[in-house]
Amino acid sequence: MIAAYQNSKWEPVKWENDMHCAVKIQDKNQWRRGQIIRMVTDTLVEVLLYDVGVELVVNVDCLRKLQENLKTMGRLSLECSLVDIRPAGGSDKWTATACDCLSLYLTGAVATIILQVDSEENNTTWPLPVKIFCRDEKGERVDVSKYLIKKGLALRERRINKLDNSHSSSEKSLEVPLEQEDSVVANCIKTNFDPDKKTADIISEQKVSEFQEKILEPRTTRGYKPPAIPNMKVFEATVSCVGDDGTIFVVPKLSEFELIKMTNEIQSNLKCLGLLEPYFWKKGEACAVRGSDTLWYRGKVMEVVGGAVRVQYLDHGFTEKIPQCHLYPILLYPDIPQFCIPCQLHNTTPVGNVWQPDAIEVLQQLLSKREVDIHIMKPRSDHDKKYEEEQWEIRFEELLSAETDTPLLPPYLSSSLPSPGELYAVQVKHVVSPNEVYICLDSIETCNQSNQHSDTDDSGVSGESQSESLDEALQRVNKKVEALPPLTDFRTEMPCLAEYDDGLWYRAKIVAIKEFNPLSILVQFVDYGSTAKLTLNRLCQIPSHLMRYPARAIKVLLAGFKPPLRDLGETRIPYCPKWSMEALWAMIDCLQGKQLYAVSMAPAPEQIVTLYDDEQHPVHMPLVEMGLADKDE
């Protein structure tokens, strides 16, 4: 095929169903004989590669006319069907689960196929009725049909051959007694002898046998070899994961190439496992694991829980709870040591001698998938050799120093609104959506007091002593912000100081961690309500004396209007799609540069207010008039 078509050029051909052709497999750079099944489009054709039994859709550019001398050789693959079984579930079609099960265990496997035909008759039943047997891990022969029945994927059915009515109207069973099976197999081999095919089968079986001897080892009491520790005090490694017990799993940089090579070899060759009969797993038993990504890995049983097993991927450190059918009791490359090395932080003891979830989360966020320098602090002792549990120090010393410990601070105090029905002056500091804003109290003018004015800047700092004291305190902090320690505790609601776009530092709190590489934190400025995604260099610990001032910004819902039933605005607010962007900008125009007043409609925790302008008109009326909102009575 290669000699005939390697340098061939595409020529336009009117392809039709059942025409023979030569098909180029692009990803493998191979040519195969094929037959047209159907024309999908003018440029796409569905073909059957009848020498391997594969159907695929290819472009007509990959097709050539099949030379006449290549049509004389018979097909190299046989179409077979399992006898005595039928699909479970009352359907006449096999389920995807059953097909996947067959594909998993039979693709690439060495199997015994027994034709279920009467040797005395010239039977032309197609596909060929067969029985298929595979070897399990014990070396015993397993009937694939019985295995599917045992798994609930098939039902038993008596096999009847319906002869052509023109010859006979009777029905005759095609059952082959067990004592005749060997003779049937012998007859098949003798009748269909093909020197080239025989040689190919022998080579294939030898290759599989060599692979089994190289990487497979049947059930044994011994496990995989412990990881090989680099013969140096300091080496580079990549952190693969952090365990729930604080164990840090690393893979030395020098071993990464060998790990990738071994993993690729396993995926390429591990296709010859037999069917696995019911198996009783034991804790600590070494095995092969088919992960959630459908790839095979070396593993160890950590715990057996009902029909599931908790396993550890020894070359990566991860643990996962998976069904038992994804495990196989063999050793893969048993002579190669584990690549993943478990480590512990040197001279570091968790609070209460138990690693808490938040501490593990911080370690995972800081270390996972990072390249680090590993410094061996203690040599290996004899009693530790069984599990190779070494003491290490990972060079993140700044996280362990006392100067960078973030003190545990309480949440900010909350500001309260006046009683419902009372009119009071406010400033809108941040707009989330047309009916959700952050406000702060403004002492410029109130309804219940005489018209007495005091200076207020654009940031909303009023003349109250407490607000002035907070403003003065922030000014002093900004003058010496370089001396403040960096933030090292990133739990939700953690108080901190954050740098705004104007270069000044304001009070804030942690909302969430948005990215890990580089680490980016979403914070909210508690005196304004706005949020920002900042890197670590724009965060620092907040001085404790700034915590005694309540947070100025108060989140409120605006009453009197709601999203319109009919909104023609195409652009929506991404995080609040019930409102259009046009309504958002219109509300900002209604609020900007105006003296506003509010009346509380409902007390905490759900703060609902009505906003008025300086002429006592509801600020949302322009939105209603523009059709961007409806009245809400």
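Colleague: Why is Arg310 called partly exposed?

Modeller: In this predicted model, Arg310 has a relative accessible area of 32%. Glu303, at 38%, is partly exposed by the same rule.

Colleague: What makes Glu303 and Arg310 a salt bridge?

Modeller: The closest N and O atoms of Glu303 and Arg310 are 3.6 Å apart. A salt bridge requires a side-chain nitrogen of Lys or Arg within 4 Å of a carboxyl oxygen of Asp or Glu, and therefore the pair qualifies.

Colleague: Why is Glu436 called buried, and what is the label of Lys555?

Modeller: Buried means under 20%, and Glu436 has 19% relative accessibility, so Glu436 counts as buried. Lys555, at 45%, counts as partly exposed. Glu436 and Lys555 form a salt bridge, with the closest N and O atoms 3.3 Å apart. Glu436 is in strand 27 and Lys555 in strand 33, 119 residues apart.

Colleague: How do you know that Arg298 and Asp315 are buried?

Modeller: Arg298 has a relative accessible area of 1% and Asp315 one of 3%. Both values are under 20%, and therefore both residues are buried. Their side chains meet in a salt bridge at 2.9 Å, N to O.

Colleague: Which cavity do Arg298 and Asp315 line?

Modeller: Arg298 and Asp315 are among the residues lining the second largest cavity, whose volume is about 30 Å³. Helix 6 gives the largest share of that lining, 4 residues.

Key:
Residues numbered from 1 in each chain as written. Predicted model: local features only at pLDDT ≥ 70, side-chain atom pairs only at ≥ 80, totals over all residues. Heavy atoms only, no water. 1 Å grid on protein atoms, 1.4 Å probe; cavity = no way out; pocket = protein on both sides within 12 Å on 5 of 7 lines; lining within 4 Å. Points joined across faces, edges and corners; volume = space filled by probe spheres on them. Helix = DSSP H or I, 4+ residues; strand = E, 2+ residues; numbered from the N terminus. Buried < 20%, exposed > 50% of the residue type's maximum accessible area, 1.4 Å probe, protein only.
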